[in-house]
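This report is an introduction to one structure for a reader who has not seen it before. Please look over the sequence and the model first.

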Amino acid sequence: MADALSVIPTYVLRNLSDKLYEKRKNAAHEVEGIVKQLASSGEHDKISAVINLLTTEYTYSQQANHRKGGLIGLAAATVGLTSEAAQHLEQIVPPVLNSFSDQDSRVRYYACEALYNIAKVVRGDFIIFFNQIFDALCKLSADIDANVQSAAHLLDRLVKDIVTESDQFSIEEFIPLLRERMNVLNPYVRQFLVGWITVLDSVPDIDMLGFLPDFLDGLFNMLSDSSHEIRQQADSALSEFLQEIKNSPSVDYGRMAEILVQRAASPDEFTRLTAITWINEFVKLGGDQLVPYYADILGAILPCISDKEEKIRVVARETNEELRAIKADPEEAFDVGAILSIARRQLDSEWEATRIEALHWILTLLNRHRSEVLCFLNDIFDTLLKALSDSSNKVVLLVLDIHACIAQDPLHFRQLVVFLVHNFRVDHSLLERRGALIICRLCVLLDAERVYRELSTILEGEADLDFACIMVQALNLILVTSSELSELRELLKQSLVNAAGRDLFVSLYASWCHSPMAIISLCLLAQMYQHASAVIQSLVEEDINVKFLVQLDKLIRLLETPIFAYLRLQLLEPGRYIWLMKALYGLLMLLPQQSAAFKILRTRLKTVPSYSFNSDQLKRASSGNPYSQILHHSGSQITEDGDVNQDNGNLQNGINFASRLQQFEQMRRQHRMLAKSQAQSRNYSTSLLKEGPRAEEPQQPPTSDTNRPPSRSSRRG
């Protein structure tokens, strides 16, 4: 301190802290001259003492004018040192940087001015302080004082020039600071940061692309800034980096892919579009590097396929197709389970397009990596079954394609049909809304006969009789009306002369017994009119209820459709098809006379010609046992309907119809018992509700069943 006081006159020190700028400026010139003389004589100890005096007594003073004078003095000392200033920078720069955070805006302004003059002198030698200077400038760029901001911008431009021409700049040491500052939201700071990224990227010797993952997220964050200028600058920087990626042979796609996936879900439209555009380029360029990230990328793409912005949808669809076209191998880190998990999750999307593409991915994986997908079947099977209730027919059809692909194995086929029946059981509305669509599609994909046989086997042992009846009625309606099942209907029409048709008829018969109208319809379809008549005559009072009449009404209307044209044409030969006539008249007798179905059927039967009837045929048709009447004609046994018989008695064409009829009657007894128990339960519940408020009154004994008129079934014993 004494050495400094001995070389600097007292008036200079006094003027250095004067409130007038001119006096401080003149004093600084004096200091510059003194330091220059000391430097020329090599007295660096005294120079250090002078710098120390300026630092301690002035820049760290409590008085603002002292601090201003100290900053001017340090800059002047540096100018005086000229080429020898580098060895004193450790003393000069820190107090100047400290002044950047001074409470007085004028002090901050002079600090910028001082460092500007220091930098002009030392140039590249002050690179060792770059991170501290950058951090200080970053804060000053958002200073509340416009003059300070202006001074900081001038200093910033000078520092950029020095860095671009320096070979001592360390990008490795700078990147952590940049990454930390990228999260700042202040618009001035963001402009400052983008400016530095652009400048450093323009320097050939600085590899900013290699460190892009460290600040990429920050750049994407700026795309949603409220300032149009900042968004434009960030977009420009990103476009430049994307172009460099296209031209670079070595890029770290993995780390950046993780960032892009997150940004693709941004609420900001411009950010989403930019992110999905980058992902599109990465899928084209990344190759094997992106294989471990396929699932994450797919998770970003699928929601964008349904984006409200058309540009995003177009790029997302293109990217999705590019990604699906890549045939990666599970042995190359391709995670089938992760892809399936993403697709399964997207099946819950509210957007139809996303759900459809998710199903396309599952189907693609099934075709390419069937064994791996089947390993994860338990994880996706319930979701796929749930998707059968989707509001979109396109989704349901795709789900069925996947189920059909899975069901190529017998075990999975059985599992599919069992789960399908279960779904119909717990959700009757699904059967009503989508039953026909689901069953028909499965019949097309998996062979109609195979599907119907399996369904029949399951329903034969169904414990819920009400559901079994509803399900059988639905299956029968589909069988009779769907164009997809035309071959199955043709096979059933040949049941009396074709072993395959006969086997199918017997297979369906057991479960069709749950519904009288389904059995009658099956018999009419298979041209087994004699058995149809027997079934009709076996019906009792309890069988003929409202539900039965509704189904009968549907059947009568179906008889007028092209499906049963062959049956109506057979009415032209009533003598040959006498059992058909008897069956139709039996149905007519069950219908209320005022119903539309009664009038339709009666009108049809009135058109039947009477010329081919004879008394012997009518007598045989009216006999009690329809299975005991056999005609002998040309050495063969032929039924009244003209169908060939192979055996005598109850066994006709390989089918024991008497046994089938017993099977039907047994099933009807089970249904009647269930209906009776349900009725008793309802009556009991009703009586409890009525008697509840009058608990103090004595209860009346239940009415004896002996007072009721006997039913037809009870009379039969």
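## Basis of the model

The model is predicted, so local features need pLDDT of at least 70 and side-chain atom pairs count only at pLDDT 80 or more, while totals for chains, interfaces and linings use all residues. Residues are numbered from 1 along each chain as its sequence is written, and side-chain values use heavy atoms, with hydrogens and water left out.

Two packed helices are described by the angle between their axes and the distance between the axes. Helices here are DSSP runs (H or I, at least four residues), numbered from the N terminus. Axes are lines fitted to C-alpha atoms over the stretch in contact, and angles run from 0 to 180 degrees between N-to-C directions.

Helix H22 (residues 393-406) and helix H24 (residues 428-446) have axes that come within 10 Å and cross at roughly 40°. That makes H22 oblique to H24 (angles under 35 degrees count as roughly parallel, over 145 as roughly antiparallel, 65 to 115 as roughly perpendicular and the rest as oblique). In their contact (heavy atoms within 4.5 Å), the H22 residues include Leu397 and Asp401, and the H24 residues include Arg434 and Leu445. By class, this contact of H22 with H24 has nine nonpolar, one polar and three charged residues (Ala, Val, Leu, Ile, Met, Phe, Trp, Tyr, Cys and Pro count as nonpolar, Asp, Glu, Lys and Arg as charged, and the others, Gly among them, as polar).

H24 also packs with helix H26 (residues 465-481), at an angle of about 35° and with the axes 10 Å apart. Among the residues that meet are Gly435 and Ile439 in H24, and Phe467 and Leu475 in H26. The contact of H24 with H26 has ten nonpolar, two polar and no charged residues.

## The nonpolar core

Phe215, Trp278 and Tyr452 touch the most other members of the largest nonpolar core, which has 241 residues. Such a core is a set of buried Ala, Val, Leu, Ile, Met, Phe, Trp, Tyr and Cys residues joined through side-chain atoms within 4.5 Å. Buried means under 20% relative accessible area, exposed over 50%, and partly exposed in between (1.4 Å probe, protein chains only).

Leaving aside residues up to four places away in sequence, Tyr452 touches residues including Ile439, Leu475 and Trp512.

## Two residues with positive phi

Most residues other than glycine have a negative phi. Thr82, in the loop between helix H5 (64-81) and helix H6 (89-99), has a positive phi near 45°. Thr82 is partly exposed, at 42% relative accessible area.

Arg123 also has a positive phi, of about 50°. Arg123 lies in the loop between helix H7 (105-122) and helix H8 (130-140), and is partly exposed at 29% relative accessibility.
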